[in-house]
Amino acid sequence: MALLRLDKYLCDMQAGTRSQIKDIVRKGRVKINGLVVKKPETKINTSVDIVAVDDKQVSYVEFEYFMLNKPAGVLSAAKDKKDRTVLDLIKDNSRRDLFPVGRLDKDTEGLLLITNDGIMSHELLTPKKHVDKVYFAQINGMVTQKEITEFAEGLVIDKDFTALPAKLVVLDYDKKHNISFIEITIHEGKFHQVKKMFLAVGLEVLYLKRLSMGPLHLDGDLKPGQYRKLTDIEILKLKQCGN
Ligand code: URA
């Protein structure tokens, strides 16, 4: 249950700008439980009150959670003047305050959680929790036991930053093109972390895709650019992993 002002309720649900909403309310176009209310500051109990604009019910959605298969070429940001952002790809959201949980580089694909749940986002991103992130990558060169050991021991990736031990699994090696196909599990989320870890051992990431974040796994049915709402079970698992 949440108690909030009528104008905030309608603004959250994208019924208009603050001033448009004040105008709609003052003109008597808004009803609460069937009665016209003309004060934008009227308090709404989101679990019992029924709000309608022009007799059309506006239900309240407190939190929204989407799983996006981020395509390459799109920024992990809410807004950008120049580039398309991951939020431009989400079309049927109720909330206007969505944001991506963490960042994937512009050229990285894969799992990105998009929500307006700030507490969940914090719990997933805080370095204290070490939430696992699994990536698939194509590497320019041969990844051997030497790199697997170095990654497992923790690598110095910036002058003063040593990455936590990471698990590296070699899936395949294309001898003709000298490309390794790997899966890497990291427990933190520094800027360009996977790319920097490979650079630290003299190798280059050619392609990077996030497969999972904590208990959340990329839905294999989602093509790059596609998204879906999280299921109740996925939301529950994410909340539990933050505890
Ligand atoms: N590590 C990177 O280097 N890039 C990403 O987008 C994510 C992890």
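Author: Two strands pair if DSSP finds at least two bridges between them. Helices (H or I, at least four residues) and strands (E, at least two) are DSSP runs, numbered from the N terminus. In the hairpin of E15 and E16, two residues lie between the strands. There Gly214 takes a positive phi near 55 degrees.

Reader: What am I looking at, and how is it numbered?

Author: This is a predicted model, in which local features need pLDDT of at least 70 and side-chain atom pairs count only at pLDDT 80 or more, while totals for chains, interfaces and linings use all residues. Residues are numbered from 1 along each chain as its sequence is written, and side-chain values use heavy atoms, with hydrogens and water left out.

Reader: How many bridges pair E15 and strand E16?

Author: Two, in the antiparallel sense. E16 spans residues 216–217. Across this pairing, Met213 faces Leu216 in E16 as its opposite residue.

Reader: In what sense do strand E10 and E15 pair?

Author: Antiparallel, over eight bridges. E10 covers residues 133–140. Asn140 stands opposite Glu204 in E15.

Reader: Do strand E9 and strand E15 run parallel or antiparallel?

Author: Parallel, joined by two bridges. E9 is residues 109–115, and E15 is residues 204–213. Opposite Glu109 you find Lys209 in E15.

Reader: What is the order of the open sheet of four strands?

Author: Read E3-E2-E5-E6, with antiparallel pairing. Strand E3 (35–36) and strand E6 (56–57) are the edges, each pairing on one side only. E2 (residues 30–32) is joined to E3 by two antiparallel bridges. In that pair, Ile32 is opposite Leu35.

Reader: Now the ligand. Which residues are around the ligand?

Author: A residue counts as near if one of its heavy atoms lies within 4 Å. Here the list is Leu104, Asp105, Thr108, Tyr135, His192, Gln193, Val194, Lys195 and Leu208. Helix H5 (residues 193–200) gives the largest share of this shell, three residues.

Reader: Where does an oxygen atom of the ligand lie 2.9 Å from an N or O atom?

Author: At the side chain of Thr108. A polar contact is a pair of N or O atoms within 3.5 Å. A ligand oxygen is also 3.2 Å from a polar backbone atom of His192. For Gln193, the distance from a ligand oxygen to a polar backbone atom is 3.4 Å.

Reader: How much of the ligand's exposed area does the protein bury?

Author: The ligand alone exposes 240 Å², and the protein buries 96% of that. Accessible areas come from the Shrake-Rupley method with a 1.4 Å probe.

Note on methods: A polar contact is a pair of N or O atoms within 3.5 Å; within protein, one must be able to donate a hydrogen and the other to accept it, and residues adjacent in sequence count only if both atoms are side-chain atoms.
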